[in-house]
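The following exercises concern a single protein model.

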Amino acid sequence: MCRQILCVAILFSVAWAQERRAIVVLRGEDPRIFGNVTFHQKYNVVAITGTIVGLSEGKHGFHVHEFGNLSGGCASTGSHFNPYKKSHGAPTDAERHVGDLGNILANQEGIATISMADNVIQLMGPNNIIGRAVVVHSGVDDLGKGGNAESLKTGNAGSRVVCGVIGTLDQEASSVSSLYLAPFFVLVPSFLLSLHNAITV
């Protein structure tokens, strides 16, 4: 029986190790501003890469918003994705929205090259961002340090310039089993060790 449980746990561990990918195509009212961003998850870390062109030079707030609804443009994507009802913050803060990804930087040509990683957003489980929206703002995100109420909600990042709905590039990322089993997979390594010790005693 223990060996059967061990086999199942190993299979779960392999499934958890599989890579998951998602993509968002960004567009806005100004057709000169556009871009693509990809999300690549392995274990609990999501690598975020992409390029956006046509932005004004400088930093721009970069967030995941709660709704993948573009029926009213970027305005209908709702607030930052914040399932735990926390205050807005920097990506490295304990007190942050799940969707708080800080700022991206556009150069003199208006091109922002994105390369970052985050272990709060996920492509499965309760922090799953697939089906939600990425929004790039006109101004700098103050990361919740602006000293006013709006800073703790939006980071005073200004208007919404471009946005898009995040879609999966992997069948596994959208499977029901992956969504519901995800919280338990993080326990697999220690569980495997305990089972191994019990079997070999």
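**Exercise 1.** Is the link of cysteine 74 and cysteine 163 left-handed or right-handed? Locate both partners in the fold and state their burial.

*Solution.* The model is a predicted one.
Step 1. A disulfide requires two cysteine sulfur atoms within 2.5 Å; cysteine 74 and cysteine 163 are joined with an S to S distance of 2.1 Å. The count by this rule is 1 disulfide.
Step 2. The angle about the S-S bond is -95°, and the link is left-handed.
Step 3. Cysteine 74 belongs to strand β5 (residues 71-74) and cysteine 163 to strand β9 (residues 160-168), so the bond ties together parts that are 89 residues apart in sequence.
Step 4. Buried means under 20% relative accessible area. Cysteine 74, at 9%, is therefore buried, and cysteine 163, at 5%, is buried as well.

**Exercise 2.** Which residues line the largest pocket, and how do they divide by class?

*Solution.* 
Step 1. The space in the largest pocket is about 200 Å³.
Step 2. Its lining consists of His65, Glu66, Gly78, Ser79, His80, Asn82, Lys85, His97, His137, Lys153, Thr154 and Arg160.
Step 3. Sorted by class, this lining contains 8 polar and 4 charged residues, and no nonpolar ones.

**Exercise 3.** Determine the backbone phi, the location and the exposure of lysine 85 and asparagine 156.

*Solution.* 
Step 1. Lysine 85, a residue other than glycine, has a positive phi near 55°. Asparagine 156, also not a glycine, has a positive phi of about 50°.
Step 2. Lysine 85 occupies the loop between β5 and β6, whereas asparagine 156 sits in the loop between β8 (133-137) and β9.
Step 3. Exposed means over 50% relative accessible area. Lysine 85 reaches 72% and therefore counts as exposed; asparagine 156, at 32%, is partly exposed.

**Exercise 4.** Where is glutamine 108 found, and how many residues separate glutamine 108 from glutamate 57 in sequence?

*Solution.* 
Step 1. Glutamine 108 lies in the loop between β6 (100-106) and β7 (112-118).
Step 2. With a relative accessible area of 66%, glutamine 108 is exposed.
Step 3. Glutamine 108 and glutamate 57 are 51 residues apart in sequence, while their C-alpha atoms are 5.3 Å apart in space.

**Exercise 5.** How many aromatic pairs does a search of the whole structure find, and which residue lies over the face of phenylalanine 81?

*Solution.* 
Step 1. The search returns 0 aromatic pairs.
Step 2. Arginine 132 is placed over the face of phenylalanine 81, 3.9 Å from the ring centre.

Notes. Residues are numbered from 1 along each chain as its sequence is written. This is a predicted model: local features need pLDDT of at least 70, side-chain atom pairs count only at pLDDT 80 or more; totals for chains, interfaces and linings use all residues. Side-chain values use heavy atoms; hydrogens and water are left out. Helices (H or I, at least four residues) and strands (E, at least two) are DSSP runs, numbered from the N terminus. Buried means under 20% relative accessible area, exposed over 50%, partly exposed in between (1.4 Å probe, protein chains only). On a 1 Å grid over the protein atoms alone, a cavity is a set of points where a 1.4 Å probe fits but cannot get out, and a pocket is an open set with protein on both sides within 12 Å along at least five of seven lines; lining residues have an atom within 4 Å of a point. Grid points are joined across faces, edges and corners, and a volume is the space filled by probe spheres set on the points. Ala, Val, Leu, Ile, Met, Phe, Trp, Tyr, Cys and Pro count as nonpolar, Asp, Glu, Lys and Arg as charged, and the others, Gly among them, as polar. Rings of Phe, Tyr and Trp (its six-membered ring) pair if their centres lie within 6.5 Å; planes under 30 degrees apart count as stacked, over 60 as edge-to-face and the rest as tilted. A charge sits over a ring if NZ of Lys or CZ of Arg is within 6 Å of the ring centre and within 35 degrees of the ring normal.
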